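Please look over the aromatic rings and the backbone of this chain. A short report is wanted.

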Amino acid sequence: MRRKYLALATATFMAEWQQDNVGWRYQEDDGSYTMNTWKWIGDKCYFFAADGYMLSNTVTLDGYTVDESGAWVQDIPKVERDWYIGED
């Protein structure tokens, strides 16, 4: 009796930082990009915007400061902001 085997080709990804002409993004193991959230990578926490790019040297929409490397600056208190999105 002859056995038949089916070989499947699958793309494999390893989570990693990627830089392009826009900035830095973090590609997850499944090939997707971290978007619209905070993520701990190593011993630092980074915020990624809706477009998947890491914010740096700014205050995030939720009021936390990130430095020039994009890492959350834990020693700076949260900035309280009054945000309004919509129509008057």
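This is a predicted model: local features need pLDDT of at least 70, side-chain atom pairs count only at pLDDT 80 or more; totals for chains, interfaces and linings use all residues.

Residues are numbered from 1 along each chain as its sequence is written, and side-chain values use heavy atoms, without hydrogens and water.

**Aromatic rings**

Rings of Phe, Tyr and Trp (its six-membered ring) pair if their centres lie within 6.5 Å; planes under 30 degrees apart are stacked, over 60 edge-to-face, the rest tilted. The count by this rule is nine aromatic pairs. Two of them are tabulated.

| Pair | Centre distance | Plane angle | Class |
|---|---|---|---|
| Trp17 and Tyr26 | 5.3 Å | 70 degrees | edge-to-face |
| Trp38 and Phe47 | 5.3 Å | 65 degrees | edge-to-face |

Buried means under 20% relative accessible area, exposed over 50%, partly exposed in between (1.4 Å probe, protein chains only). Tyr26 is buried at 10%; Trp17 is partly exposed at 28%. Phe47 is buried at 12%, and Trp38 is partly exposed at 23%. Ring pairs also join Trp17, Trp24, Tyr26, Tyr46 and Phe48 into a cluster.

**Charge over a ring**

The charged end of Arg25 sits over the ring of Tyr33, 3.8 Å from its centre. The rule: NZ of Lys or CZ of Arg within 6 Å of the ring centre and within 35 degrees of the ring normal.

**Positive phi**

Most residues other than glycine have a negative phi. Asn36 has a positive phi near 60 degrees and is exposed at 55%. Asn57 has a positive phi of about 55 degrees and is exposed at 60%.
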